[in-house]
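Keep the model open as you read.

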Amino acid sequence: MEMPVVNRCQATSCAYNRDGTCHATAITVGDVSHAHCDTFFTAPTPGGDQQTVGRVGACKISDCQHNVSLECQAPGIDIGYSLDEADCLTYAPA
């Protein structure tokens, strides 16, 4: 299985975001009840690898239709703001 790519990320204040692209090697999505980007954080210096486009390493949202055994099966995801949190906008209730 190949990890889904983060197609775009609107969380521009995240340390891994540069020009709308996630550069974390792998992100984690969610907790038991909310599909937020669990890898999101701010830092004074940029993080990640500029040559890497972020992918979904794990998803803890078991009620998403893309989730199989806590692994995301979507071809790619979008991260953006929902209220004041960076969320997986690809989340779709099962």
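Is Ala11 buried or exposed? Ala11 is buried, at a relative accessible area of 1%; here buried means under 20%, exposed means over 50%, and partly exposed is in between, using a 1.4 Å probe and protein chains only.

## What you're looking at

This is a predicted model, so local features need a pLDDT of at least 70 and side-chain atom pairs count only at pLDDT 80 or more, while totals for chains, interfaces and linings use all residues. Residues are numbered from 1 along each chain as its sequence is written, and side-chain values use heavy atoms, with hydrogens and water left out.

## The overall build

Let's start with the whole chain. It has zero helices and nine strands, where helices (H or I, at least four residues) and strands (E, at least two) are DSSP runs numbered from the N terminus. Its radius of gyration is 12 Å, close to the 12 Å that the globule rule gives for 94 residues, so the chain is as compact as a globular protein of that length. That radius is taken over C-alpha atoms, and the rule is 2.2 Å times the number of residues to the power 0.38. Along the principal axes, the C-alpha atoms fill a box of roughly 35 × 30 × 15 Å.

Buried residues account for 38% of the 94. Contact means heavy atoms within 4.5 Å; of the contacts between residues at least 6 apart in sequence, 69% join residues at least 24 apart. The accessible surface is about 5,300 Å², and carbon and sulfur atoms own 52% of it; the areas come from the Shrake-Rupley method with a 1.4 Å probe, and for residues only the protein chains shown count as cover.

As for charge, there are 4 positive and 11 negative ones, and their mean positions are 6 Å apart. Lys and Arg count as positive, Asp and Glu as negative, and His and the chain ends are not counted. Each charge is placed at NZ of Lys, CZ of Arg, CG of Asp or CD of Glu.

## Two annotated stretches

The UniProt annotation "domain: DUF1540", from an unreviewed entry, covers residues 8–40 and 59–91. UniProt positions follow the numbering used here, feature names are shortened, and annotations may be inferred rather than shown by experiment.

Residues 8–40 are 0% helix and 27% strand, with their end C-alpha atoms 14 Å apart. For residues 59–91 the figures are 0% helix and 48% strand, and the end C-alpha atoms lie 10 Å apart.

Leaving aside neighbours within four places in sequence, Ala11 is in contact with Asn17, Phe40, Tyr81 and Ala86. Glu85 is 74 residues away along the chain, yet its C-alpha is 8.6 Å from that of Ala11.

Ile61 is another one to click on. This residue is in the loop between β5 (56–59) and β6 (67–68) and is buried, with a relative accessible area of 2%. Outside the four places on either side in sequence, Ile61 touches Val29, Gly30, Asp31, Val32, Ser33, His34, Ala35, Asn67 and Tyr91. The C-alpha atoms of Ile61 and Ala92, 31 residues apart along the chain, are separated by 10.0 Å.

## Two partly exposed residues

Thr21 belongs to strand β3 (residues 21–22) and is partly exposed at 26% relative accessibility. Apart from neighbours within four places in sequence, Thr21 is in contact with Tyr16 and Val53.

Arg55 lies in the loop between β4 (27–29) and β5, and it also counts as partly exposed, at 26%. Not counting residues up to four places away in sequence, its contacts include Glu2, Met3, Pro4, Ala24 and Ile27. Arg55 and Ala24 are 31 residues apart along the chain, with 7.4 Å between their C-alpha atoms.

Most residues other than glycine have a negative phi. What is the phi of Ser69? It is positive, at about 55°, although Ser69 is not a glycine. Leu70 has a positive phi too, near 65°.

Ser69 is in the loop between β6 and β7 (71–72), and Leu70 is found in the loop between β6 and β7 as well. Ser69 is exposed, with a relative accessible area of 67%, whereas Leu70 is partly exposed at 43%.
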